[in-house]
Amino acid sequence: MTDCERWLIRVTGVVQGVGYRPFVYTLADSLELSGWVLNDTLGVQTEVCGAVPLLAEFTAGLRERAPLLARVDDVRVESRAPWAATDNAPAGSGRFEIRESVRTGRAGTIVAPDSHVCDDCLREVLDPADRRHRYPFANCTHCGPRYSLIKGLPYDRAQTTMASFVMCGQCLREYQDPLDRRYHAQPTACAECGPQVTLSTPDGVLATAGAALTATTEALAEGRIVAVKSVGGFHLAADARNPAAVARLRARKKRDSKPFAVMAPDLATVESLAVCTPAERELLRSPARPIVLLRRIPGSLPEEVAPRNPSLGIMLPSAPLHHLLLDRPGLDVLVMTSGNISGRPIAYRNEDALGQLFEVADLVLHHDRDIHVRVDDSVVRSSVHEALDEPLITFVRRSRGYAPYPVKLGRTLSEPVLAYGAELKTTVALGEGTEVYVSQHIGDLKNDETFASHREAADHLTELYEVKPRYVACDMHPSFRSRALAGSRPEDVVEVQHHHAHMASCMGENQLSGLTLGVVFDGAGYGTDGTIWGGEFLLGDYASARRVAHLRPLPLLGGDRAVAEPIRTGYALALQALGSAEAAVEAFPALAVLDDTRRSVFATMVAKGIQAPPVSSMGRLFDGVAALLDICAYAEYEAHGPIELEGLLGRDLTTATPYSFGLEEPEEHEDPEAAAVVDPRPVIRAIAAELGRGTAVADISRRFHSAVVAMVVQRCTAMRERHGVRQVVLSGGVFLNEFLQVNCLVELRKAGFDAYAHRLVPTNDGGIALGQVLVADALLNTPGTPATSEGD
């Protein structure tokens, strides 16, 4: 007889709330193994006994045959013991059981992100003979909400917002049957025992349940605007094929230009709207169901959906409710934009939606399944280039479907660290062991509601994983609210320079170490010299980074006013490049939008440095060029001008003959660590000459973009010759520009560099918190180093 043993096995990763225990049960049963499986705060533990070859097959299957939503990080046999015939669970007896969850100390398992509705559940929802026909909250262990409704671990119904719903007899039988796909599906419910939808007007309830769904689709078909409670918050929905409805939504939301995302019911509809590559299809159909930025087919939807933009942000339905809203002839594409009043975070509580969203919506479709954690839609882009081995996936926003899945570091942090991120597009991050848990997108902290949400996200992460970090990390900027929140805690605070955090973030997600050159381009970040940076070349590692080159500072006329009014930056650039107001206006007709008085005042501000702080910002350079080319004088949203400037390229990544930046190298007698200065004035003069010759603005945009790519390669090459560095990372919000990101990556690699971009967290400030964790950890482990990252 084959030797038999009893194995105790530990499985870690995303293995709770994804049907993993019933999968283990079925796998053990198929191999006629005995034993048990349970959830605990570390993940899943199972004990099996039987013939050693079968135990080995079982152990391999725990990883290789795991359910779709599971992410198995480790399968470890913790103990092996001989089996004897007198043991209580004899091999081959077929006795295998799923045991109740137990607590084994601090939570160490990974919370599952929210997931789309699976094909099996959707079939039931659309089947008139099924008891869940047209029920908008059908889910099972393979699909449905997770992170947005979890209050604590282990993941059991009592620890979710479904705790108040008592299962009916049929749901309970499914829940208790290990062979049913709803076995321990914590949000499971039906129309008899679960949540229900309600459609409200400003005057009160209009309809409930099925009648509410019917009334909602009728309203949308009539061109009305409906606020819809989705998985992680409310959307504002309108018929995307109705230009009047979309225009009305824009007017009410005070959003004239920023593109709207749309939802389509299936891939066939998506492919009638936009060009879709295999990688993009995979993203669209993934359990996360993100918004994917696709190349639009001209004329497929009204221009009002995404004005002057070559892309459409498209997502497939992520919940049964969405499928039911699209299940009406003629209503096959919906605008689904964030359900918020301008400047506020998305509403996720019914009372907030009913109190706020009637400013924009005619109706509000809500329900009584509470959302515990606000989670926006994720936004991703897939870029292809013949020189890249595989598509480059870039997160514009990492949230629903991905948060709070951790970034694996490939090394161990010495202490738990909580990082508060930056000020815009911010996230928080909790680092412990070999992982950093990055929160969902939170947003801009300039308003009190988002600031409160920021605090709640930090508290939720630490409470969920039961970690009490001694150290917190924050940005160095003295005015950032995230820094103020960090300073209110009793723990030790580590201040991290903004661009060093960007650089470290890209290094960390790519598991890099050693001397690195960070090319960090963004709108603004507080520098170690007290000025605003944003066009930086940094040399260093996690513990320190110094500035080795940067963009020549330009005056930011009126400070933050210039961000909202890029024409100010355009005028400052023209003055610096051409020498006089008269020459600037003659070369750039777009400056005529400024009257004589404003031009005179601005010229004085530049000459005397009055309310014109110097900024070395690549983001502001793009703002200024877009303004000078008469693309965007006044910005409606962040990076409005740069986005439309890039939009002129039509997502064609072909480079053109570049303009040439100037360069101011430090003198030999100067500080050997002095930084080189990249001068944009020659580029501005070249653009002026092109305009004078009548060159098309789209061609000027391509040459300008190509000039930035060429400058990056030139500077990196010079740094390699001087410092011997070959490892380069690209980070900062400017690298959301697809042309820049892809071409810099390709050209650097062609030049012999090991070049990396972000793939797991956003390249914008949504990735800052990850970098703060890594820099803080390095500083805390560097003897004699102050708890502040150096950048100069």
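The accessible surface of the protein chain amounts to about 28700 Å², and 49% of this area belongs to carbon and sulfur atoms; areas were computed by the Shrake-Rupley method with a 1.4 Å probe. The model is predicted: local features need pLDDT of at least 70, side-chain atom pairs count only at pLDDT 80 or more, and totals for chains, interfaces and linings use all residues. Residues are numbered from 1 along each chain as its sequence is written, and side-chain values use heavy atoms, with hydrogens and water left out.

Of the 792 residues of the protein chain, 61% count as buried, that is, under 20% relative accessible area, whereas exposed means over 50% and partly exposed lies in between (1.4 Å probe, protein chains only). The radius of gyration of the protein chain is 28 Å, which agrees with the value near 28 Å for a compact globule of 792 residues; the radius is taken over C-alpha atoms, and the globule rule is 2.2 Å times the number of residues to the power 0.38. The C-alpha trace spans about 95 × 65 × 50 Å along its principal axes.

The protein chain contains 23 helices and 32 strands, assigned as DSSP runs (helices, H or I, at least four residues; strands, E, at least two) and numbered from the N terminus. Among contacts (heavy atoms within 4.5 Å) between residues at least 6 apart in sequence, 72% join residues at least 24 apart.

Helix H1 (residues 20–30) and helix H2 (residues 52–64) have axes that come within 11 Å and cross at roughly 145 degrees. Axes are lines fitted to C-alpha atoms, for helices over the stretch in contact, and angles between N-to-C directions run from 0 to 180 degrees. The contact is made by Tyr20, Phe23, Val24, Leu27 and Ala28 of H1 together with Phe58, Gly61, Leu62 and Arg63 of H2.

Asp492 is located in strand E23 (residues 492–496) and is partly exposed, with a relative accessible area of 34%. Leaving aside neighbours within four places in sequence, Asp492 is in contact with Arg470, Tyr471 and Val472. Asp492 and Ala473 are 19 residues apart in sequence, and their C-alpha atoms are 8.6 Å apart in space.
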